[in-house]
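Hello,

Here is the structure I promised to pass on to you. Have a look at it first, and then read on for what turned up.

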Amino acid sequence: MRILVTGACGQLGTSLRPLLPDAVFTDIVEAPGTRRLDITDLPAIRTLITAEKIDCIVNCAAFTNVDAAEDQPELAELLNAKAVENLAVAMREAGGFLLHISTDYVFGGESLNTPIRETQTGKPTGVYGLTKLHGEEAIRRTGVRSIILRTAWLYSEFGRNFVKTMLRLTAERPSLKVVFDQVGTPTYAGDLADAIVRILHQEDRAKEDGTPKGASAFSLATAGVPSSLSSCRVFHYTNEGVCSWYDFAKAIAAYAGHTGCEILPCHSSEFPSKVVRPAYSVLDKTLIKESFSLKIPYWTDALQRCLKGLLQG
Ligand SMILES: NC(=O)c1ccc[n+]([C@@H]2O[C@H](COP(=O)([O-])OP(=O)(O)OC[C@H]3O[C@@H](n4cnc5c(N)ncnc54)[C@H](OP(=O)(O)O)[C@@H]3O)[C@@H](O)[C@H]2O)c1
């Protein structure tokens with residue numbers, strides 16, 4: 001497979017680089033090892049696909065700032081839905097495969113207390129989740145051969161994320177309040193990148209022998225969609241386990257040895273925000289584990305691996 005990665009300068013895109021040395025890495029801005037590709041520009045996508053003989057796109061590009069999306073709904077829709085449709089259309093025309101990253105935020109408006117399956121219907125609480133849901137729907141409409149991979153609470157050594165923020169704040173402050181009434185599962189982008197590469201390998205092999213892995217997911221994941229469009233499969237991936245943001249912060253500080261900061265649990269209402277964040281965001285990963293024989297690391301083990309890199313670097 002000749003692979004194109006979009007949003008390659010973001011957390012996940014950067015984590016994929018060492019694992020896909022032959023892929024074409026692109027982002028909105030040109031950078032070392034990164035070609036410019038604006039995914040809102042369909043002709044530019046088509047040109048690059050043809051020139052590089054691309055038959056697989058891994059879409060890591062998105063408008064990911066949940067709060068800013070409330071102020072810029074049109075831009076969020078353009079990047080998270082229309083641009084995703086562009087990639088899907090271009091890949092369908094090329095007879096290729098699209099692996100798109102989506103989010104737990106497509107859920108959130110429901111009252112949930114058991115891990116969320118791929119087949120459940122999402123009711124987003126804000127612009128980010130709604131536009132990501134529109135992106136998923138756009139992919140299904142095109143009929144492109146695709147996988148939508150939903151993840152949550154992503155962090156890495158790169159860019160801005162909760163782990164890096166907590167590392168800084170717990171080093172600087174004597175105390176810190178962190179919400180305990182939102183639970184989910186942290187996801188180390190390095191582990192998600194490993195899972196993506198495994199999926200791509202199996203997809204490549206399956207294409208050769210004509211039997212897509214996880215084929216049982218077709219009817220499940222496309223409930224309500226005509227069978228003619230059932231070329232899209234949905235999977236969930238996070239690290240294993242469940243915690244609150246408070247537990248996550250406690251673990252970060254403990255592993256980093258930041259003992260001088262007292263971390264206190266608080267309610268979300270103490271941090272008023274434009275977006276109601278999902279209270280229960282635990283994704284069920286049974287399907288992806290069975291379909292791709294994946295062993296998923298526990299969240300604290302993954303966190304320690306990431307911190308090792310961050311604290312040494
Ligand atoms: N972060 C999380 O907690 C989280 C949780 C669940 C799911 N996800 C999903 O996981 C995926 C990867 O997330 P991430 O945290 O790695 O994202 P990220 O770090 O925000 O990276 C996204 C990249 O896309 C680029 N981009 C923006 N507009 C573009 C355009 N028009 N054309 C091409 N590239 C463009 C961004 O550039 P600029 O920085 O210059 O805008 C950035 O480099 C996304 O689909 C996200 O929705 C993330």
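Let me begin with the ligand. At least two residues of the shell around it come from each of α1 (11–16), α4 (73–93) and β5 (97–103). Please keep in mind that this is a predicted model. The shell holds 27 residues, and those that come nearest to the ligand are Gly7, Gly10, Gln11, Ala61 and Leu154. Sorted by class, 15 residues of the shell are nonpolar, 9 are polar and 3 are charged.

Helix α4, which supplies part of that shell, also packs against α2 (residues 42–52). The angle between α2 and α4 is about 35°, and their axes are 10 Å apart. Their crossing is right-handed. On the α2 side, the contact is made by Leu42, Ile45, Arg46 and Ile49, while α4 brings in Asn86, Leu87, Val89 and Ala90. In this contact of α2 with α4, 6 residues are nonpolar, 1 is polar and 1 is charged.

Then there is Lys123, which sits in the loop between β5 and α5 (127–142). Leaving aside residues up to four places away in sequence, Lys123 touches Phe107, Gly109 and Glu110. From Asn59, Lys123 is 64 residues away in sequence and 23 Å away in space, C-alpha to C-alpha.

Enjoy looking through it!

Best wishes

Note on methods. Residues are numbered from 1 along each chain as its sequence is written. This is a predicted model: local features need pLDDT of at least 70, side-chain atom pairs count only at pLDDT 80 or more; totals for chains, interfaces and linings use all residues. A residue is near a molecule or strand if its C-beta atom, placed from the backbone, lies within 6 Å of it. Helices (H or I, at least four residues) and strands (E, at least two) are DSSP runs, numbered from the N terminus. Ala, Val, Leu, Ile, Met, Phe, Trp, Tyr, Cys and Pro count as nonpolar, Asp, Glu, Lys and Arg as charged, and the others, Gly among them, as polar. Two residues are in contact if their C-beta atoms, placed from the backbone, lie within 7 Å. Axes are lines fitted to C-alpha atoms, for helices over the stretch in contact, and angles run from 0 to 180 degrees between N-to-C directions. A crossing is left-handed if the near helix is turned anticlockwise from the far one by less than a right angle, and right-handed if clockwise.
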